[in-house]
Amino acid sequence: MEIQKVLMVDDDQNIRRICQVCLTNVGKWQVFLASSGFEALETAAREKPDVILLDVMMPEMDGPTTLAKLREDPALKDVPVVLMTAKVQPHEVEQYTNLGAVGVISKPFDPLTLPSEIKRLLHGR
Amino acid sequence: MSGRDDEATASESDLDDEQLKAVVAALQQEYAKELPAQLLEVERAYASALEQKGDDHKLEEATQIAHRLLGTTGSYGFADISQVMERLENASKALLGKTQANLEQCQIDGLWHDIEEALAALKRLQS
């Protein structure tokens, strides 16, 4: 699949910022940002991204809960979701893929290689 | 979403490799200015947890800050600080929810000692 639009969801502004710069300039993708799970659901419904990068640990609505809500929406249930979290354990990767994530990117990450990592996960589906 | 996020869309697209590296370096420098305040936040959270060692809520709060900083500092190139955050998170997670019924007191003391040592290492990195 060809990626054109990416939705990046993280409550940490610094992570959103560096991801946006690299996804835009290395991936050459149109990047939409959301700072919460609620905002992610709204933005995803409006923009119909090709892939969603979703932080696991967020206040109010965490990444797995947001993922579950995306999967309940007929218009968004097939959008690939990549979860991001610090220090991910193998059993957590399995748990998240069982929830419907296409993969997990561990933080810290190299922002310059983030787009290729996303492509790798999407092509490995 | 902040205005700062929005600014990036207009000003930082279609950069060549050198320009991109310069933008990333500028972001790292900007983050470095914020970092002392963020490290103070984690230090204060752990100081509070150390004062009330039986209060898992305090330790949980501190752990969440360490977890966040583990990812952010490392992604901005501050690997040493990210490693200290990992030490803090590892010791904290081992302690959370543990009582003397399922963890020996000497193990509990050892994990708190790990946290104190990691905080001391953080101080050294900042000096």
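Predicted model: local features only at pLDDT ≥ 70, side-chain atom pairs only at ≥ 80, totals over all residues.
Local features here need pLDDT of at least 70, side-chain atom pairs count only at pLDDT 80 or more, and totals for chains, interfaces and linings use all residues. Residues are numbered from 1 along each chain as its sequence is written, while chains are lettered from A and ligands numbered from 1 in the order in which they are written.

Start with the core. The largest nonpolar core has 57 residues. Such a core is a set of buried Ala, Val, Leu, Ile, Met, Phe, Trp, Tyr and Cys residues joined through C-beta atoms within 7 Å. Buried means that 20 or more other C-beta atoms lie within 10 Å of the residue's own; exposed means 12 or fewer, and partly exposed is in between, with C-beta atoms placed from the backbone. The members that touch the most others are A:Leu7, A:Met8, A:Leu53, A:Leu54, A:Val82 and A:Leu83.

Take A:Leu54 from that list. Two residues are in contact if their C-beta atoms, placed from the backbone, lie within 7 Å. Neighbours within four places in sequence aside, A:Leu54 contacts A:Val9, A:Ala40, A:Gly63, A:Thr66, A:Leu67, A:Val81, A:Val82, A:Leu83 and A:Met84.

Now look at A:Ile52. This residue sits in strand E3 (residues 51-55) of chain A. Helices (H or I, at least four residues) and strands (E, at least two) are DSSP runs, numbered from the N terminus. Is A:Ile52 buried or exposed? A:Ile52 has 27 other C-beta atoms within 10 Å, so it is buried. Not counting residues up to four places away in sequence, A:Ile52 touches A:Leu7, A:Val9, A:Ala44, A:Val79 and A:Val81. A:Lys5 is 47 residues apart from A:Ile52 along the chain, and their C-alpha atoms are separated by 8.8 Å.

A:Glu47 gives another view. It lies in helix H2 (residues 37-47) of chain A. A:Glu47 counts as partly exposed because it has 14 C-beta neighbours inside 10 Å. Its contacts, leaving aside neighbours within four places in sequence, are A:Lys5, A:Leu7 and A:Phe32. A:Thr65 is 18 residues apart from A:Glu47 along the chain, with 20 Å between the C-alpha atoms.

Next come the loops of chain A. A:Lys48 is in the loop between H2 and E3. Its phi is positive, about 50°, although A:Lys48 is not a glycine. With 12 C-beta neighbours inside 10 Å, A:Lys48 counts as exposed. A:Lys28 also has a positive phi, near 60°, and is a residue other than glycine. A:Lys28 belongs to the loop between helix H1 (13-25) and strand E2 (30-34) of chain A. A:Lys28 is exposed, with 12 other C-beta atoms within 10 Å. Then find A:Pro108, in the loop between strand E5 (103-107) and helix H5 (114-123) of chain A. A cis peptide bond joins A:Lys107 to A:Pro108, with omega about 0°.

Turn to chain B and its helix pairs. Two packed helices are described by the angle between their axes and the distance between the axes. Axes are lines fitted to C-alpha atoms, for helices over the stretch in contact, and angles run from 0 to 180 degrees between N-to-C directions. The axes of H3(B) and H4(B) come within 8 Å and cross at roughly 150°. H3(B) is therefore roughly antiparallel (an angle over 145 degrees) to H4(B). Among the residues that make this contact are B:Leu59, B:Ala62 and B:Ala66 of H3(B), with B:Ile81, B:Met85 and B:Leu88 of H4(B).

The second pair is H2(B) and helix H5 (residues 105-126) of chain B. Their axes come within 11 Å and cross at roughly 155°. These helices, H2(B) and H5(B), are therefore roughly antiparallel to each other. B:Leu39, B:Glu43 and B:Tyr46 in H2(B) meet B:Ile115, B:Leu119, B:Leu122 and B:Gln126 in H5(B).

Last, see where the chains meet. The contact takes 24 residues from chain B and 20 residues from chain A. On chain B, the elements that give two or more residues are helix H1 (3-11), helix H2 (17-51), helix H3 (56-75) and helix H4 (79-95). H3(B) gives the largest share of that side, seven residues.

Terms used: Parallel < 35°, antiparallel > 145°, perpendicular 65-115°, else oblique.
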